[in-house]
Amino acid sequence: MTNDSTSRTIWTAIYLLFILAPLFAILLGSLPPSRDFWTEFSVALGYSGLAMMGLQFGLTARFRHVTEPWGEDVIYHFHRRISLIAVGLVVVHPLILIATRSPKLALPESLADLPMGAVFAVLSLGSVITLVVMALWRTRLRISYEFWHASHIILAVIAVTGGLFHMIGWGFYLADPVKRALWIGMTVFWISLLAYVRVIKPLFMLRRPYRVAELRAERGDTYTLVMEPIGHAGFQFRPGQFGWLTLWQSPFRITGHPFSFSSSAEDSEGRVAMTIRDLGDFTRTIREVPVGKRVYLDGPYGAFTIGNPADMHILIAGGIGITPMMSMIRTLADRGDKRPLILFYGSKDWESVTFREELDALKARLDLTVVHVLSQPPEGWTGESGFINAELFRRHVPAGYADHEYFICGSNVMMDAIETALAEMQVPLSKYHSERYHFV
């Protein structure tokens, strides 16, 4: 078993332990007077949902030992999926009581006499439903990333806090000291996670600032920020990794923005570069960043990186998905790597091909083949056009497909199509790596 596999097993076991601990606690210590099966089952679901919601603070805390075995993008996608399960459990909890006509749901004659446990239940449930709606339909509702991220955190805190006070308000399972100690311990743990993310980590970032050394305009309405450390050595990253950029505010600001590094990992002066396309919202402000501006970086993160044994590398990029690929290509050039390297680069048109000239120049330092694939080719274009598919791979990739290592970064639609094409070519899952950079 590899180190990554061992780490995944250990962290999965720890996660399950935290989720199931409240259920085991029901059976520990002195038992309260028994209730009917459906009431107890409803409570068990509610407890598990609350435990999952609290652990979401840990999934997004960016602990490197936790994220490295999977990659930050996988953790965030798991965070999103498990959130839906947690919300489902929390919603089913009262639905079961309603369906069984539990006396616990009997309303008093006056709302002023409504138990505080019920008030906090409504607050928690309303917050978590709002949170899910905003997360699933943020784009359709045209909610900015910055507003969504801030409200996401606030609603999550309200939902978990409301759930805890709901439990305290009823207090059925908290009379026993063992159960009370468990929930106090879990609450302290959740608060500690939140404090680490919002206080301790920003303090470390505040002591390790960067300054913008260069702002470079690229093709395709894209800009490269070159940043250098101030008063420290910076950090080492692996080509293909990314970091969280805090640009216009202090690191205590709630919202950071994730971008891949586009520079070589071999820079001896600690400088890093991020190449960012103007897609609206925050990215539209990149062109206005003055040289000398103080910024903050949290990184590096991600498992989307070269280093596994392979006879050659096949890089597949769509649009701004070229960013981590450029970090890999530049790093391999600086290392003097002699293995063949093929880049499939999907773009809208010829004029918007970011790094076009540099890629041509890098062919002198690497055994590099660049296959441009244009969806809107100019008149007289003799290269590839349309979209990247299995047939295109077979035209340009040498036989022995399963011996090569593949890296894919682009839109979800493009990546799904390419992963399907690789499966048709009988490339093992372990041989290709995807970077799905849309976290929300």
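A cavity, on a 1 Å grid over the protein atoms alone, is a set of points where a 1.4 Å probe fits but cannot get out, and its lining residues have an atom within 4 Å of a point. Grid points are joined across faces, edges and corners, and a volume is the space filled by probe spheres set on the points. The model shown is predicted: local features need pLDDT of at least 70 and side-chain atom pairs count only at pLDDT 80 or more, while totals for chains, interfaces and linings use all residues. Residues are numbered from 1 along each chain as its sequence is written, and side-chain values use heavy atoms, with hydrogens and water left out.

**Figure 1. Overview of the protein, with 11 helices and 12 strands.** Helices (H or I, at least four residues) and strands (E, at least two) are DSSP runs numbered from the N terminus. The C-alpha atoms fill a box of roughly 80 × 50 × 45 Å, taken along the principal axes. Of the 440 residues, 49% count as buried, that is, under 20% relative accessible area with a 1.4 Å probe and protein chains only; exposed means over 50%, and partly exposed lies in between.

**Figure 2. The largest cavity, with a volume of about 790 Å³.** The whole structure holds two cavities of 30 Å³ or more. Of the 43 residues lining the largest cavity, Thr60, His79, His149, His152 and Ile153 are the closest to its centre. H2, H4, H5, H6, H7 and S3 each supply at least two lining residues, and the largest share, eight residues, comes from H6. The lining has 28 nonpolar, nine polar and six charged residues. Here Ala, Val, Leu, Ile, Met, Phe, Trp, Tyr, Cys and Pro count as nonpolar, Asp, Glu, Lys and Arg as charged, and the others, Gly among them, as polar.

**Figure 3. The second largest cavity, of about 40 Å³.** Its lining is formed by Phe235, Gln236, Phe237, Ser264, Ala265, Asp267, Gly270 and Arg271. These residues divide into three nonpolar, three polar and two charged.

**Figure 4. Trp183 and Trp190 in the largest nonpolar core.** A nonpolar core is a set of buried Ala, Val, Leu, Ile, Met, Phe, Trp, Tyr and Cys residues joined through side-chain atoms within 4.5 Å. Among the 42 residues of the largest core, Trp183 and Trp190 touch the most other members. The largest share of this core, 10 residues, comes from H2. Beyond its neighbours within four places in sequence, Trp183 is in contact (heavy atoms within 4.5 Å) with Pro22, Tyr47, Leu50, Leu164, Met167, Leu174 and Trp190. A second, separate core of 24 residues includes Leu315, Met328, Val370 and Cys409.

**Figure 5. Arg138 and Arg142 in the loop between H5 and H6.** Arg138 is buried, with a relative accessible area of 13%. A polar atom of the Arg138 side chain lies 3.0 Å from the backbone oxygen of Ile143. Arg142, by contrast, counts as exposed at 77% relative accessibility. Arg142 has a positive phi of about 55° although it is not a glycine.

**Figure 6. The cis peptide bond between Gly299 and Pro300.** Omega is about 0° at this bond. Pro300 lies in strand S6, residues 294-301. Most peptide bonds are trans, and most residues other than glycine have a negative phi.

**Figure 7. Gln426 in the loop between helix H11 (412-424) and strand S12 (432-435).** Although it is not a glycine, Gln426 has a positive phi of about 60°. Gln426 is exposed, with a relative accessible area of 68%.

How values were computed
On a 1 Å grid over the protein atoms alone, a cavity is a set of points where a 1.4 Å probe fits but cannot get out, and a pocket is an open set with protein on both sides within 12 Å along at least five of seven lines; lining residues have an atom within 4 Å of a point. A polar contact is a pair of N or O atoms within 3.5 Å; within protein, one must be able to donate a hydrogen and the other to accept it, and residues adjacent in sequence count only if both atoms are side-chain atoms.
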